[in-house]
Amino acid sequence: NESKNEINNESKVLIMTKLKSSITRNGQNLCYIRNPIINSSSSSNETIQNIPRPLSQNEEGFKHLVVFVHGYGGSAYDLRQMGNYLMLNSPNILPLYSSINQNSTTKSIDEMGFNLSAEIIQFMLKEKVKISKVSFVAHSLGGVIVRCALTKQNLNLMLPRLHTFISISSPHLGYLFSHNKLTSNGVWALSKFKKKTSLEQLMLKDNSDLRKTFLYKLCEVDVMRYFTHIITISSIEDGFVPY
C-alpha cells in the first residue's frame, strides 16, 4: 500500500507540476497559468531560443482558430453555445467543433487523439485561411484527447501557434484517485462489461505498472509548454472529475 501511495502521489505531482495557483470560489476550483517558459523573464536564452515563436498576432487577414472538443459520449453541439458567445466578442475567431470522435469515445485515447489531429489539418486545408493563433476549449475527456492530439507528428508545425488551453472538468489525473464509491463502481462496471478502452485508460487499468499506463506516459511528453495560457476548471462537487 505504501508503494502504491508513493506511485499515486508521484503521478499527481508529474501531471499537475505546472499548476502554480488555484482559487476556490462558489464550490469551483479554478486554476490559471500563464506559461512560465514563454513568459518568464528569468528563463535562460537557450531555453527561449529552443521554442519556436508564434506568427504575428496583428497581421491583417489572420484568424484565431479555436477548436472545441466534446467529452465522453458527447457531440459537436455540446460547446457550440460557448463558441457562439466567443465569436460575438471576437469576430476574428474561426471555430472548429470537433465531430470526428462523437460516436467513438469508447476507443483508445491515443486513437481519438490521432483522429482529432487529422480533423484539424483537414479543416485548415478546407478553410484555406491564415492562422496566427490556435486555442482549445475542451470538456471532460476532450481535454485529455487534446493533449494526446498535440503529441502527433502532423501537428508539429502548429505548436508555435498555440495560445490558450481551457479544459472543463477534464480528468487530467485520470480516475484512479476518486473517493466516490458509487461513481467508481459505475465506471468500473462500464469498463468491465462493455470493454470501454478509454475508461480503462482513465482508471489507469490498462497496465499493471502505473508508470506504463497511457496517462502516465502522456504526461512525459511536454507539449503544454507551448501554450501562452492554460486554464483548468473543475468542481469539488463533481463526483466523476473532482480535480
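## Starting point: what counts as a helix

Helices here are DSSP runs of H or I with at least four residues, numbered from the N terminus. With that in mind, G143 has its place in helix α6, and this helix will come up again and again below.

## The overall picture

Welcome to this structure, which is a predicted model. The protein has 243 residues, and 46% of them count as buried. Its secondary structure comes to nine helices and seven strands.

## The nonpolar cores

The largest nonpolar core is made of 38 residues. Those with the most contacts inside this core are L65, I109, I120, F136, L150 and L162. Several elements each supply at least two of the core residues: the strands β3 (62–69), β4 (93–97), β5 (130–139) and β6 (162–168), together with the helices α5 (109–127), α6 (141–149), α8 (197–202) and α9 (214–219). Which of them gives the most? That is α6, with six residues.

Leaving out residues up to four places away in sequence, L65 touches L94, L96, I120, F123, M124, I131, K133, V134 and S135. Another core, of seven residues, lies apart from the largest one, and V66, F68, I93 and Y97 are among its members.

How many residues of α6 are buried? Nine of the nine are, so this helix is largely enclosed by the rest of the structure. Along the helix, the buried residues are L141, G142, G143, V144, I145, V146, R147, C148 and A149. The elements that cover them include the strands β3, β5 and β6, as well as the helices α5, α8 and α9.

Not counting residues up to four places away in sequence, G143 touches A138, F165, S170 and H172. G143 and I168 are 25 residues apart in sequence, while their C-alpha atoms are 7.6 Å apart in space.

## Where α5 meets α6

The helices α5 and α6 pack at an angle of about 70°, and their axes are 8 Å apart. Angles of 65 to 115 degrees count as roughly perpendicular, and α5 and α6 are therefore roughly perpendicular to each other.

On the α5 side, the residues that take part are I109, D110, M112, G113, L116 and S117; they meet L141, V144, I145, V146, C148 and A149 of α6. Sorted by class, this contact has nine nonpolar, two polar and one charged residues.

## Cysteines

A disulfide is a covalent bond between the sulfur atoms of two cysteines. How many disulfides does the structure hold? The count is zero. Two cysteines to look for are C148, buried with a relative accessible area of 1%, and C219, also buried, with a relative accessible area of 16%.

## Residues in the loops

Now for some stops between the helices and strands. N92 is found in the loop between α4 (80–89) and β4. Beyond its neighbours within four places in sequence, N92 is in contact with F62, K63 and H64. N92 and H64 are 28 residues apart in sequence, yet 6.1 Å apart in space from C-alpha to C-alpha. Further along, T213 sits in the loop between α8 and α9. T213 is buried, with a relative accessible area of 0%, and its contacts, leaving aside neighbours within four places in sequence, are L204, D206 and N207.

S140, in the loop between β5 and α6, has a phi near 55°, a positive value in a residue other than glycine. At 15% relative accessibility, S140 counts as buried. S169 lies in the loop between β6 and α7 (181–193). Phi of S169 is near 50°, again a positive value in a residue other than glycine, and S169 is buried, with a relative accessible area of 15%.

Key. Residues are numbered from 1 along each chain as its sequence is written. This is a predicted model: local features need pLDDT of at least 70, side-chain atom pairs count only at pLDDT 80 or more; totals for chains, interfaces and linings use all residues. Side-chain values use heavy atoms; hydrogens and water are left out. A nonpolar core is a set of buried Ala, Val, Leu, Ile, Met, Phe, Trp, Tyr and Cys residues joined through side-chain atoms within 4.5 Å. Buried means under 20% relative accessible area, exposed over 50%, partly exposed in between (1.4 Å probe, protein chains only). Contact means heavy atoms within 4.5 Å. Axes are lines fitted to C-alpha atoms, for helices over the stretch in contact, and angles run from 0 to 180 degrees between N-to-C directions. Angles under 35 degrees count as roughly parallel, over 145 as roughly antiparallel, 65 to 115 as roughly perpendicular and the rest as oblique. Ala, Val, Leu, Ile, Met, Phe, Trp, Tyr, Cys and Pro count as nonpolar, Asp, Glu, Lys and Arg as charged, and the others, Gly among them, as polar. A disulfide is a pair of cysteine sulfur atoms within 2.5 Å.
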